[in-house]
Amino acid sequence: MLDSLRSGLQGAIKKLMGSSVVDEAAIKEFVRDLQRALIQADVNVRLVLTVTESVQKRALEEKPLGGMTRKDQIVKILYEELDKMLGGERELKLEKGKVNVVVMLGVQGSGKTTTVAKLARLYTKKGFKVGVVAADTFRPGAVTQLRTMCDRIGVEVYSEEGEKDSVRVAQAGRRFFEASKNLILIDTAGRHKEEKSLLDEMSSIVSKVKPDLNLLIIDGTIGQQCYNQALAFHKTSPVGGIIVTKLDGAAKGGGALAAAAATGAKIYYIGTGERIDDLEEFSSTRFVGRLLNMGDLKSLLDMAKQLEGEVDEKRVQRMMSGKLTMDDFLFQFEQMNKMGSLKKILDMIPGVSGNMKAEDLEKAERDMKIWKSIIQSMGKNERNSPEMLNAPRIRRIAKGSGRSEKEVRELITKYRQTKSLMKTSKGREFRQMLRRAGGQGARG
Ligand SMILES: Nc1nc2c(ncn2[C@@H]2O[C@H](COP(=O)(O)OP(=O)(O)O)[C@@H](O)[C@H]2O)c(=O)[nH]1
Ligand SMILES: [Mg+2]
């Protein structure tokens, strides 16, 4: 799914990564490429402009975080803006302690009835007591369709033979299940060709039944129309969540983004087939990650977050004055390692390459574990003034940490090297890097 959008966005990123300088012209070109990709994928034009304008603004204004290049920073911004457009990471919150009433909104054929059955199945599995109300009173066979599916999964259905008033069925169904269920799903009709009367019917169901949540079911294959359709529903009955169906086919998928943006509601699930289990939880992080071809983008972002908040100023001051305790040493080494892992992640992004080799990284991680255990066996004085570490102390620490004396000596050697390195120009560079990682650099 979403192939055209994916290849468009990835093409834009690749080009950015390949450019020799990231100046205003390069950023603007990147933004134009993004616009083209999004528009080709059927994303609403207004929306495309909103998103790309904020990408451009931030890309021009924000300075990269420590350990990140300008290019990475821009990709990170794009990611964040797309994620924001999709409503971010939120889960559909239904509480078992109360009766949750959910009404389906959507035009005929969008997949409401199928989705009701899928949800009934999923939430039964999650331990909810689910009741389904068949309030599609118009289409012949609608009740049977729902019953057939729900019987198979053992979910009770409320329907009224001969009753033509869908609002009354919805109300009666709610009352019928209120005492025995904690999740009531109301399937509605979408019979009206003419949009206005459909919207009117939806809005009277919503005002009479007073559901906790209006779920908009949108057909992912209708592309550009998604935006207006979602907006029309949202105006009459505020949409609290979205499910995009039929994303298993050749859907362009841009419509899904558009529907979310039109309502400000989050896409909670996507339908990926006609069978009852073809319902996937929607994660915008994963979705955008897939679009941008960075399965591990999330880890990259987490890492950036960690780097942002981690350096404490006192420690940096102390280290800059040339003093170095064992704890500082370990801390510094950990920071370096983090940069290393960050590089590893950056390596996965097309066009970017870190220069840390995998073996180096593994060794560093191994060393760090060993050193940590050794340092933990030192007394406070020993940690603060490692010069006092003589042979008997080394023996004691080796014993206490379950490490060999050789390993303890190696650590001390590494510590001494680092300490003298801190006084050289390279050390200065490193201290600057630590400072940047501390966030000062990011803010200028
Ligand atoms: N491929 C695919 N088909 C779906 C999906 N959801 C629903 N459908 C099909 O779309 C058609 C209309 O679905 P239905 O639930 O009756 O829509 P309603 O009119 O809104 O109730 C049916 O043939 C469903 O099998 C989906 O996620 N993927
Ligand atoms: Mg139906």
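Contact here means heavy atoms within 4.5 Å. Helices (H or I, at least four residues) and strands (E, at least two) are DSSP runs, numbered from the N terminus. This is a predicted model: local features need pLDDT of at least 70, side-chain atom pairs count only at pLDDT 80 or more, and totals for chains, interfaces and linings use all residues. Residues are numbered from 1 along each chain as its sequence is written, chains are lettered from A and ligands numbered from 1 in the order in which they are written, and side-chain values use heavy atoms, without hydrogens and water.

Start with helix α6, residues 142–152. Its buried residues (under 20% relative accessible area, 1.4 Å probe, protein chains only) are A142, L146, M149 and C150. They sit on the same side of α6 because they cover an arc of only 95° around the axis, taken from the directions from the helix axis to the C-beta atoms. An α-helix has 3.6 residues a turn, so residues three or four places apart point the same way.

What do the buried residues of α6 pack against? They pack against α5 (112–125), β2 (130–135), β3 (156–158) and β4 (183–188). The face turned away carries T144, D151 and R152, which are exposed, that is, over 50%. Just after α6, G154 has a positive phi of about 70°.

Now ligand 1. Polar contacts are pairs of N or O atoms within 3.5 Å. One oxygen-atom distance, to a polar backbone atom of G109, is 2.7 Å. For a backbone N or O atom of G111, the distance to an oxygen atom of ligand 1 is 2.9 Å. From α6 itself, Q145 places a side-chain N or O atom 3.1 Å from a ligand oxygen atom.

How values were computed. Polar contact = N/O pair within 3.5 Å; in protein donor to acceptor, adjacent residues only side chain to side chain.
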